[in-house]
Amino acid sequence: EGGRGISPHPTRDFRGLAGYQLTGKTYLELEDTYGGDEDDDNDTKSWFPLDNQLSLSYYDRICPDFEKIVATKVREWTKKDSSLGPALLRLLFHDCGVTGCDASVLLDHEGSERRSPASKTLRGFELIDDIKSEIEKACPGLVSCADILTAASRDATFQLGGPYWPNAYGRRDSTDSYARDVEKVPSGRRDITALLETFQSYGLNVLDLVVLSGAHTIGKAYCGTIQSRLYNFNATYGTDPSIDSKYADFLRRKCRVASETVYLDAATPVKFDNQYYINLQKNMRVLTTDQELVKDPRTAPLVKAFAEQPPHMFRQQFAVSMTKLVNVGVITGEDRVGVIRKVCSKSNSRPY
């Protein structure tokens with residue numbers, strides 16, 4: 001109720017996606033009707049990937065106010081600065097995309113992921129620290145920074161109009177973080193083949209790639225990442241001809257300085273909807289990877305499908321892909337290498 005629930009069958013009535021791996025099951029015929037069992041409508045476990053000892057009820061006894069504390073803090077901070085919502089989602093992507101969802105991106109020391117030049121535009125660290133501090137008062141030594149980041153990014157997405165999905169918890173935090181590993185994070189300049197290889201190494205597929213790229217419906221990009229497309233495309237000193245001419249004119253005016261930012265979704269920049277895919281169809285593409293999604297025959301049909309379907313179809317499938325992403329490379333109590341950090345930016349054992 002209250003908009004927080006999501007359908008356990010996010011692909012219902014989803015035309016045009018026959019044969020894709022959608023929710024842990026292969027749906028061969030998804031035209032106008034859904035062929036699943038109507039009796040398990042409330043059974044989210046039918047599609048939720050519960051791996052590595054994670055549990056939906058992990059904190060029910062040991063820290064029952066965990067999600068309430070996270071949601072309250074996220075609401076307080078994003079009310080003051082709405083850009084923190086997309087920033088938290090990006091921070092999670094950068095964490096999970098390196099060595100798994102282990103909060104390694106939060107460690108702040110010489111040579112850490114956080115100190116890498118590729119991480120210099122990441123934000124949201126102070127919010128995570130504030131949440132951790134509050135939770136330590138209520139449940140000292142019991143809640144990991146990895147679980148906090150997982151919950152906070154979900155709540156931030158929901159507060160922007162995105163879906164609310166159930167998170168399984170029980171992650172542990174990594175003890176190490178290396179700047180050299182940041183190159184594993186998918187960048188806005190990679191081609192689809194390279195992106196697919198990266199996603200497949202996570203256990204994700206082409207549908208997840210297209211769906212999670214839809215996070216570009218919110219947030220901004222630094223102009224420095226796209227100036228080559230605007231002023232010197234392929235060393236021609238011209239603009240990428242694949243960008244809509246009027247939109248290209250706007251971007252050139254906006255992006256004269258590399259430190260400026262531009263919305264990734266020019267039409268509905270602060271609304272979590274499927275407008276990103278509609279923009280791609282109209283050649284209003286900011287990043288190189290956005291353009292590649294439309295050009296590549298493996299991803300173009302999915303872009304078209306999400307552009308043509310109602311927004312809730314994208315939101316529901318986004319929830320499913322996120323539940324897969326946040327289970328990538330997690331450390332649990334079964335792993336001796338994991339800890340619960342006392343401070344998210346510091347190792348429990350490392351001298352500072």
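Helices here are DSSP runs of at least four residues, numbered from the N terminus. One such run is helix α10, residues 288-295. Within helix α10, Glu 292 and Lys 295 are 3 residues apart, which means that about one helical turn separates them. Their side chains meet in a salt bridge, with 3.6 Å from N to O. Glu 292 has a relative accessibility of 17% and counts as buried. Lys 295 is exposed, at 52% relative accessible area. The model is a predicted one.

The overall make-up of the protein comes next. The secondary structure consists of 12 helices and 2 strands. From the N terminus on, the order of the elements is α-α-α-α-α-α-β-α-α-β-α-α-α-α. The protein has 352 residues, and buried residues make up 51% of them. The accessible surface comes to about 16000 Å². Carbon and sulfur atoms account for 49% of that surface. Among contacts with a separation of 6 or more, 73% are between residues 24 or more positions apart.

Salt bridges were examined in turn. The structure holds 16 of them. In one, the side chains of Lys 73 and Asp 130 meet at 3.2 Å, N to O. This pair links distant parts of the chain, 57 residues apart. Lys 73 belongs to helix α1, residues 66-80. Asp 130 belongs to helix α3, residues 125-138. Lys 73 is buried, since its relative accessible area of 13% falls under the 20% limit. Asp 130 is partly exposed, at 21%.

Another salt bridge joins Asp 240 and Arg 229, whose side chains meet at 3.0 Å, N to O. Asp 240 sits in the loop between α7 (227-231) and α8 (245-254). Arg 229 is in helix α7, so the bridge ties together parts that are 11 residues apart in sequence. Asp 240 counts as buried at 3% relative accessibility. Arg 229 counts as buried at 4%.The largest pocket holds about 1500 Å³ of space. It is lined by 49 residues. Of these, Arg 90, His 94, His 216, Lys 220 and Leu 287 lie nearest the centre of the pocket. Several elements give two or more residues to the lining: α2 (84-96), α5 (192-201), α6 (206-213), β1 (220-222), β2 (261-263) and α10. Helix α2 provides the largest share, 6 residues. By residue type, the lining divides into 28 nonpolar, 14 polar and 7 charged residues.

Ala 151 is found in helix α4, residues 145-159. Ala 151 counts as buried, with a relative accessibility of 0%. Neighbours within four places in sequence were set aside. Beyond those neighbours, Ala 151 is in contact with Phe 66, Val 70, Asn 167 and Tyr 169. Trp 165 lies 14 residues from Ala 151 in sequence. In space, the C-alpha atoms of Ala 151 and Trp 165 are 9.7 Å apart.

Met 322 is placed in helix α12, residues 311-325. Met 322 is buried too, since its relative accessible area is 0% and the limit for burial is under 20%. Leaving aside neighbours within four places in sequence, Met 322 is in contact with Leu 89, Leu 92, Phe 93, Trp 165 and Leu 212. Met 322 and Arg 154 are 168 residues apart in sequence. Their C-alpha atoms are 8.7 Å apart in space.

Methods
Residues numbered from 1 in each chain as written. Predicted model: local features only at pLDDT ≥ 70, side-chain atom pairs only at ≥ 80, totals over all residues. Heavy atoms only, no water. Buried < 20%, exposed > 50% of the residue type's maximum accessible area, 1.4 Å probe, protein only. Contact = heavy atoms within 4.5 Å. Areas by Shrake-Rupley, 256 points an atom, 1.4 Å probe, with all protein chains shown as cover. Salt bridge = Lys/Arg side-chain N within 4 Å of Asp/Glu carboxyl O. 1 Å grid on protein atoms, 1.4 Å probe; cavity = no way out; pocket = protein on both sides within 12 Å on 5 of 7 lines; lining within 4 Å. Points joined across faces, edges and corners; volume = space filled by probe spheres on them. Nonpolar A, V, L, I, M, F, W, Y, C, P; charged D, E, K, R; others polar.
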